[in-house]
Every structure is written in structure tokens, then in C-alpha cells.
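The following note is intended for a colleague who is meeting this structure for the first time. Please read the numbered points beside the sequence and the model.

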Amino acid sequence: MHLIERRRVGAERLDAAGAGDDDIAAIALSPDGQFALSGSYDKTVRVWDPATGRLLQVLRPPLGAGNEGSLYAVAVSPDGSTLVYCAERNGEFDVYSIPAA
């Protein structure tokens, strides 16, 4: 898995493009550069076209009150076939993986 830094760089640009209501917690780029992921404190994972900045898809982990569903990391498998993100659930951290479309 490739985790690109956990920082807020680029949050202003993505927010202008519809990134959500909160700061971005993590960003990852697919190995082939065809899509990017952002994980936000608004409890969403967003899939982007990095060439155009167009939002392609919004994913949501199981949600709840408070920190339930808060995202802490996003990643893409080395072959680009799997998206992975880490979210809080019941006071613990769960790792979710889904096939890349």
C-alpha cells in the first residue's frame, strides 16, 4: 500500500472543487496517476481525476456521532486495483478495502 503524507496541503484547492465541509486528513495518488483519493474530516473518501480536478466518486465509511466514521488515512494498492482507507468505529480503527472501479 502507498500512503501519501497525512497533511493539509492542497486542502484549499480541493475545497473549492467540492471536497466537503472539513479539512482533508490524507491524500493518495494511484501508481499510474489516473486517480487521486482524499480523506476528509467530513467522513468522506473522494475519488478525483488529478488531470482535471473533477470529482469522480464519494465513498462513506459507516457513520455515527462524534468521531464515528472519521477518516485518518487513504491509500491505493501498488497495482491500483484496491482503494484502502482507515476510519474510526466504536472507538477502534478499522481498515476498509474496496475494488477500484
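**Notes on the predicted model**

1. Setting aside neighbours within four places in sequence, Ala36 is in contact with Ala28, Leu29, Arg46, Val47, Trp48 and Pro50. The model under review is a predicted one.

2. Ala36 belongs to strand 2, which covers residues 36–40. Is Ala36 buried or exposed? Its relative accessible area is 13%, and because the limit for a buried residue is under 20%, Ala36 counts as buried.

3. Ala36 and Val76 stand 40 residues apart along the chain, and a distance of 8.8 Å separates their C-alpha atoms.

4. The largest nonpolar core comprises 14 residues. Those with the most contacts inside this core are Leu37, Val45, Val74 and Leu83. Two or more residues of the core come from each of strand 1 (24–29), strand 3 (44–49), strand 5 (71–76) and strand 6 (82–89). In soluble globular proteins, nonpolar side chains tend to be buried together.

5. One salt bridge is counted in the model. A salt bridge joins the side chains of Asp42 and Arg46, at 3.5 Å from N to O. Both Asp42 and Arg46 are buried.

6. On confidence, the mean pLDDT of the protein is 76, and 70% of its residues reach 70 or more. Over residues 1–19, pLDDT stays under 50. The model has 44 contacts beyond four places in sequence for residues 1–19. Where pLDDT is low, predicted coordinates should not be read in detail.

Methods:
Residues are numbered from 1 along each chain as its sequence is written. This is a predicted model: local features need pLDDT of at least 70, side-chain atom pairs count only at pLDDT 80 or more; totals for chains, interfaces and linings use all residues. Side-chain values use heavy atoms; hydrogens and water are left out. A nonpolar core is a set of buried Ala, Val, Leu, Ile, Met, Phe, Trp, Tyr and Cys residues joined through side-chain atoms within 4.5 Å. Buried means under 20% relative accessible area, exposed over 50%, partly exposed in between (1.4 Å probe, protein chains only). Helices (H or I, at least four residues) and strands (E, at least two) are DSSP runs, numbered from the N terminus. pLDDT is the predictor's confidence in each residue, from 0 to 100. Contact means heavy atoms within 4.5 Å. A salt bridge is a side-chain nitrogen of Lys or Arg within 4 Å of a carboxyl oxygen of Asp or Glu.
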